[in-house]
Amino acid sequence: DAAELGRLDAAAIERVHGEAWPEATNRDELHDALAWLGFLTPQEAAAGPNWSELLAELAQENRATRLYATRLYFIKFPAKAGTHHSAAEFTAGMDPGRRRDREFSEGAAIWVAAERLPQFAALWPQARRDPPITAPARHAERTWTPEEALVEILRGRLEGLGPVSEAALAAPLGLSPEGISGALTALQGEGFALRGRFTPGAATDEWCERRLLARIHRYTLGRLRAEIEPVAARDFLRFLAEWQRTTDKTRMEGPDALAAVLGQLEGFEAPAGAWETEILPARVSEYDPAWLDDHCLAGRIAWTRLRPRPLRPEPGERAERPERAVSPVRSTPITLLARRHASLWAALSPMPDLAQASPRAQAIAGFIADNGASFFDEIVDATRLLRPQAEEGLAELVALGLINSDSFAGLRALLLPADRRRGEGRGGRTRGRRALFGMGESGRWALARRARPPQNGTQDGGAKEAGEAAEHLARTLLRRYGIVFWRMLEREAPWLPPWRDLLRVYRRLEARGEIRGGRFVAGFSGEQFALPDAVGLLREVRRKPLSGEFVSLSGADPLNLVGILTPGARLAALTPNRVLYRDGLPVALLAGGEVHFLEEFDAATQWQAKKALLRGAVPASLSALA
């Protein structure tokens, strides 16, 4: 609607007004303009080039006249169906004082084309015409009601003025804004005009013809897009390092900073073992695992596997033995997301299959489905499984994407064998300080939230939820990368909606003025979209001199964009692999345990680069997972 077409450019509004307003150079052109505009005020006639002389010539030819209204009659909307009110009936129902307020003075004459006279006669039956001409026969046949006449007169004015207030529309007609509101509402009901505050700084609502408003919007977007000078992929990678706070100067600190980082990484799929050993410590200095547990236990953050385990081994993957149970490993794709958005992400992800689970895992899932979220000890007692068997069953369900726990400690416990856990005694109880790897710290285990089936046998609810999920994903990707385009999706989960679906959302957000569209990064085809804050930071980064700082990241990190934004082969998104950036360029890789330099360095710089590449940011408390 019109409210979404805000933040229009004043220059675009002025340009469209100039294009819509007639530029008549002879009396025939001016007569046509006068016929579709409805009328011209004395000020408008004086402002046109030689228009006063041309109007005088039209008057001599009985094609136009100056209209002096002796009385303007009050028009009430909406009129009753099937009734027509004469001018005398309107006058009789008005207070005499109000009638005097509606009288025109001699200086308030307006120029009217002969074809329009029947409409003005419906408004002003006693108006004086100079010269006293009549309408052509084909135009005099129709009888106009005052309501219909005012609608058509305002229609012509809106076609030539662009955004205009009710007061500015009403003043030349001697009406108050309330006197024309009914006619404007009728035009809005036709879809001809839209209401809103289009001019920057407008204090009151304005009206604009839909076609002109669309053109203003198009010009506004064109100017905004032309403001952006595309940057090279190298500068974009420098920008991403600052946007995601992976440099020494931008890295965040403290437990409150973790919430901002998790919001930026929401929905990103990474190996389970990489989250706390690589990804989060790269963005939060002195990361403490207890911070993530606190967010999870407070119900703000949830972890889960959104990608179902494939029924068949993927290419290059060795088939498991039938007797071997499915269990989470450090490479299991795990996603962190805001718990309040879990249903939106579930609507985007495929449905897992419980049939792949073993009987003991199905027994655990059945107990949780019947009894709700349950603690580990409750699961053990109810299923009568040994504690190691219950852990194996939970591990299967996690690996299949069917359950999760209140705390991230539950996933840590499953990733680490029981004999290597610290601080956990018999019965799962902890000794001394809080254990990071104990099942007793995992909280309750619950079924992962999944999309609800459509209700009442219709697809309306499902379509609405899918639309909300797509918009949430589009906004999340913008929050993650600042600037998004088709190529950036290659780093995201393969089950996400295609770019064409996100493109519709981004175009709608751009139309609302919430994001910017244009060409921000050179060398990549297709439309690109950016947050306003990202555009400012991108400009700032481009102006900054090169610092020579090394940024070392895991191959599982979202900023492993080697082979995506840079030339060459890609670096597999595995936790042990690493990439070393310097001023936006990948200069060294660690793959398969071997270091590969992509740039020539002297001996001293090469030693520093290798040290930076191999240096890890794993917290000491999580060294067992590294």
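**Cysteines**

I searched the whole structure for disulfides and found zero. A disulfide is a covalent bond between the sulfur atoms of two cysteines. I kept in mind that this is a predicted model. Next I checked Cys-208, which counts as buried because its relative accessibility is 0%, and the cut-off for buried is under 20%. Cys-296 is buried as well, with a relative accessible area of 2%.

**Pro-308**

Where does Pro-308 sit? I found Pro-308 in the loop between strand 10 (301-304) and strand 11 (333-338). Its relative accessibility is 19%, so Pro-308 counts as buried, given a cut-off of under 20%. Leaving out residues up to four places away in sequence, I noted that Pro-308 touches Pro-350, Met-351, Pro-352 and Leu-400. For Pro-352 I looked up the spacing too: Pro-308 and Pro-352 are 44 residues apart in sequence, and their C-alpha atoms are 5.1 Å apart in space.

**Helix 20**

I then went to helix 20 (residues 387-399) and checked its length. Its 13 residues should span 18 Å at 1.5 Å a residue, and the end C-alpha atoms are 18 Å apart, so the two agree. The buried residues of helix 20 include Ala-390, Leu-394, Leu-397 and Val-398; Glu-391 and Glu-396 are also among them. What do the buried residues of helix 20 pack against? I listed strand 10, helix 18 (359-371), helix 19 (376-383), strand 13 (403-405), helix 21 (409-415) and strand 14 (444-447). Last entry: just after helix 20, Gly-401 takes a positive phi of about 80 degrees.

Conventions: Residues numbered from 1 in each chain as written. Predicted model: local features only at pLDDT ≥ 70, side-chain atom pairs only at ≥ 80, totals over all residues. Heavy atoms only, no water. Helix = DSSP H or I, 4+ residues; strand = E, 2+ residues; numbered from the N terminus. Buried < 20%, exposed > 50% of the residue type's maximum accessible area, 1.4 Å probe, protein only. Contact = heavy atoms within 4.5 Å. Disulfide = S-S within 2.5 Å. Expected span 1.5 Å × (residues − 1).
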